[in-house]
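Subject: Structure handover

Hi,

Here is the structure we talked about. Please open it alongside this note.

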Amino acid sequence: MNPRLPYLREKTAKLTTSPGVYLMKNQADEIIYVGKAKNLKNRVTSYFRVSADHTPKVASMVSSVYDYDFIVTDSEYEALVLECSLIKQHQPKYNILLKDDKGYHYIYISEEPFPRFSTEQKKEKKGIYLGPYMSRFVARETVKEVNQVFRLPTCQKQFPAAFHRGRPCLNYHIKQCMGLCRGNISQKAYQDIIQQAISYIKNGSTESIKRMQQEMEAAAEQLDFERAAILRDRISAISKAGETQKILDSDIKEADVLAVSESDGKQCLSLLLYRNRRLFDKQTYFFQQMESVSDLLESFMGQYYDQRQKIPSCILLPISLENQELMQKMLEARAEHRVKLLLPQRGTAAHILQLSKNNANEALALQMGRTAKEVQALEELKQALGLSVTPEWIEAYDISNLAASTIVAGMVVFQNGKPYRKAYKRFSLEQQCGQDDYACMQQVLRRRLTHFVEQDGDEGFCKKPDLILLDGGQGHVHAVQPELVSLQLDIPLYGMVKDNKHRTRAIAGNGCEIALSRTSAAFHLLTQIQDEVHRYAITYMRSHHKKTSYALEMTQVKGIGVKKAQKLLVYFKTKENLKAASPEELAKVAGVSHAVSMELYALLQDM
C-alpha cells in the first residue's frame, strides 16, 4: 500500500478535465511512467481510487508513485504525439521499452568473378549487402529461394578455376543448379543473372516475372529459343516459389502485420513485414508485464514507428485500437503519406494476419517450454467465450452415478492447456441429493468454492479458476450460477454440450450455445477436457461402488454397522488387505468383540 495515496487523491481531486499527458514520478523524482488522457482528472483518478482492480504491472507502478506532473494539450491527438515523444526521451521503467539490441542480418553477394549469395551478420567483407533483416530465418530463406529460382551454385568449388574439372554434381542433374562448373556460361551472362536475382529480392516476384516475360518474348522473336527456354523455366520457378508464400492482395503492395499472443503473465508481439507483395522480414518482441492487447499495440506502435524512417501504407491489426483514428493521424503525419489501419476478417489479408498470430504463438510457446497448439487453444477459447483473461486455470466437473446408491463427482484441472493431476478432486455425494444432476452439481460447486472463499485447503482449493466448465448444458449452468452469485464470485461458467453420440458439440452459456470449429485448437482442447473429466468421474464411481458393496456385505454380521464397515475399508483400503487381516486386527480396528470379529473373518474369507 502506497502511504502517499491520501496526498495523491487530494491532488487529483483538483486536476483539470482537459486532455494531456501525465508523468508519474518516484521518490527520487525519476519519471517511471508516462501516459496520455482525454480527461486528465478521470484517468489519473483511476490509479488512486479505493479498491482499484489493477493489473500486476499497474499495481506495482502505483505503489512506487511519490508524485506526478502533467502537461495540458489542446487535443487528444496532441497528447498522443507528446506521450510518444516523452517516452522516447525519458525511457520510463513502466512503459513498454523497445530496446534496439537485436542483431541484424544481411544478404551478402560476394565480390568475385562469379558471385555467391549468403547471409552475414556484419559488414566486414567486400561486396554487396542487402538488408538489414531483423530475422535470420527470413534472410536465410530468401537466399535459399534465390539460389533455387536462379539455379545458382551452392557447392564449395571456386570459379573459374573449377571449370571443366570433373563432372557436374547431383544438383545439376536434378535441375537445382545451372552447372557453372561445365564452363559453358560466360562471366557477363552470369553477372546478368546475379543482377536479376538482386532485382528479384528488392522488387519482389511480380515485377521480376513481368520483366522476364518481356525478355522471353524478345528472345523468341530473335529466334534465341535456348535463352527463351531458360527464362520460361525461371518464370515457372518464381511462380512455384510464390505459391509457398503468403502473397498480399494485388491492391496492397506493402504492409506490417501485427499479432499478439499471451499466456501465463507474458505477452509476445509478432511483426511481419511485407514489401513488394512478399514476406520481407519478421520481428518478435516479448513483454513480461501484462497489458490489454489494445494498450500493448498502441504503446508499441507509438514507439516503434517513431524509430523508423519509412512507415508502410498499410498496417494489419488483430483488434481495433481505443485511439485508432488518432494513431492513424499520427502515423500519417510522420510518414507524410496515407496509412491505413485495417482489421481483416476474411480473404488473403486475414490469412496473413493468422500467420503473424501463429508466429507469436510459436515464439511464446518456445520461450515457455510449451507447444504452440496449447497456447493457440487457450487464445481461441478466450476469444470464443469473450473472456477478459486467458484461461490458464480451467476446472471441469462431471457427475457420475449408479442408481441412487452411488453418486460421485469428479473435478479435473487443466493448467496452461495441460492436465494438472495434482489438483484433481473427487466428491462423494451418496444419497444427499438423490439422482438430481442439477442439485448434485450445485452441491459440488458450493463445497469447492467455499474452500476458496474461506481459503482452507490445498493449492487446488485455494486457487480461483479462470474458467469453470460443467459436463452438461444450459440447465446445469443455470442451476450452478446462483451459487457463484451467493458467494460473490465473478468466474466465467459454461457447460460442455454433447451430441447424441456422446461427443462434444458446443459450449453452453449466457442463454445460448457457442459452436466451435471442429478443426480449431480450442475445440480439440474442449474435447480433451470433457473426455478427461468423464473418465475421472466414472473411474471414481466404479471404485466407490465396489467399496460400498463391500461395506454392505459386511453389515450382514451382527454388530457391524455401516460406520464400522466404512472404518474397516478406510483402514485396510482394499478387499485383499481385509481378507488378509487376522480376527484380532479386525476386532481392534472395528472396536468389536472377539466373537463378532471371528464371524466377520469367516465372511471375508468367503467373499
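**Confidence**

Bear in mind that this is a predicted model. Mean pLDDT for the protein is 83. A value of 70 or more is reached by 91% of the residues. Among the elements, strand 10 has the highest mean pLDDT, at 94. Helix 8 (residues 225–243) has the lowest, at 69. Residues 242–250 need care: pLDDT stays under 50 there. The model has 22 contacts beyond four places in sequence for that stretch.

Look next at strand 7 (residues 255–263) and strand 10 (residues 314–316). They pair in the parallel sense, over 2 bridges. Aspartate 256 has isoleucine 315, in strand 10, as its bridge partner.

**Salt bridges**

The count comes to 15 salt bridges. Three of them are described here.

Start with glutamate 298 and lysine 36. Their side chains meet in a salt bridge at 3.2 Å, N to O. This pair links distant parts of the chain, 262 residues apart. Glutamate 298 is in helix 9 (residues 293–304), and lysine 36 is in strand 2 (residues 31–37). Both residues are buried. There is also a network: salt bridges link Lys36, Glu83 and Glu298.

The next pair is lysine 125 and glutamate 120, whose side chains meet at 3.1 Å, N to O. Lysine 125 has a relative accessible area of 46%, so it counts as partly exposed.

The last pair is arginine 535 and glutamate 532, with a salt bridge of 2.9 Å, N to O. Both lie in helix 16 (residues 521–554). They are 3 residues apart, about one turn of the helix. Are the two partners buried or partly exposed? Arginine 535 is partly exposed, because its relative accessibility is 38%. Glutamate 532 is buried, because its relative accessible area is 10% and the cut-off for buried is under 20%.

**Arginine 448**

This residue sits in helix 13 (residues 437–454). Why does arginine 448 count as buried? Its relative accessibility is 0%, so it falls in the buried class. What does the side chain of arginine 448 make a polar contact with? The partner is the side chain of glutamate 395, at 2.7 Å. Leaving out residues up to four places away in sequence, arginine 448 touches Glu395, Tyr397, Met411, Phe427, Gly460, Phe461, Lys463 and Pro465.

Best wishes

Key:
Residues are numbered from 1 along each chain as its sequence is written. This is a predicted model: local features need pLDDT of at least 70, side-chain atom pairs count only at pLDDT 80 or more; totals for chains, interfaces and linings use all residues. Side-chain values use heavy atoms; hydrogens and water are left out. Helices (H or I, at least four residues) and strands (E, at least two) are DSSP runs, numbered from the N terminus. Buried means under 20% relative accessible area, exposed over 50%, partly exposed in between (1.4 Å probe, protein chains only). A polar contact is a pair of N or O atoms within 3.5 Å; within protein, one must be able to donate a hydrogen and the other to accept it, and residues adjacent in sequence count only if both atoms are side-chain atoms. Contact means heavy atoms within 4.5 Å. Two strands pair if DSSP finds at least two bridges between them. pLDDT is the predictor's confidence in each residue, from 0 to 100. A salt bridge is a side-chain nitrogen of Lys or Arg within 4 Å of a carboxyl oxygen of Asp or Glu.
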